[in-house]
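Hi,

Here is the structure I promised to pass on to you.

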Amino acid sequence: MYQKQYNVTGMSCEHCAASIKEEVSEVPGVSEVVVDLAANTVTVHGTDLDDERLRAAIVEAGYGVTDPVAV
């Protein structure tokens, strides 16, 4: 099991969190998505996580993403 965490810009409510969870959950290998609105982070758990696809899913949901946080 792997984990990646991203700083996300533009999130402000539970609807934002739900949109990101929905998009990121569709990426192959993802088993769990945790969105922390207060910290503006998204933590993804799974196997064989593709950084490019995860970033694209966050952008597809309508939010900005910066470099992954070291975890």
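Let's start with the strands: β1 and β3 run antiparallel and are joined by six bridges. Strands here are DSSP runs of E with at least two residues, helices are runs of H or I with at least four, and both are numbered from the N terminus. Two strands count as paired if DSSP finds at least two bridges between them. Within β3, Val-42 is the bridge partner of Tyr-6.

A word on the source: this is a predicted model, where local features need pLDDT of at least 70 and side-chain atom pairs count only at pLDDT 80 or more, while totals for chains, interfaces and linings use all residues. Residues are numbered from 1 along each chain as its sequence is written, and side-chain values use heavy atoms, leaving out hydrogens and water.

β3 also pairs with β2, again antiparallel and over six bridges; here Gly-46 of β3 is the bridge partner of Val-30. These two strands form a hairpin with four residues between them, and Asn-40 in the turn has a positive phi of about 55 degrees.

Six of the six residues of β3 are buried (under 20% relative accessible area; exposed is over 50%, partly exposed in between, with a 1.4 Å probe and protein chains only). Thr-41, Thr-43 and His-45 lie on one side, with Val-42, Val-44 and Gly-46 on the other.

Gln-5, in strand β1, is buried too, at a relative accessible area of 16%. Its side chain makes a polar contact of 2.8 Å with that of Thr-43 (a pair of N or O atoms within 3.5 Å; within protein, one must be able to donate a hydrogen and the other to accept it, and residues adjacent in sequence count only if both atoms are side-chain atoms).

Best wishes
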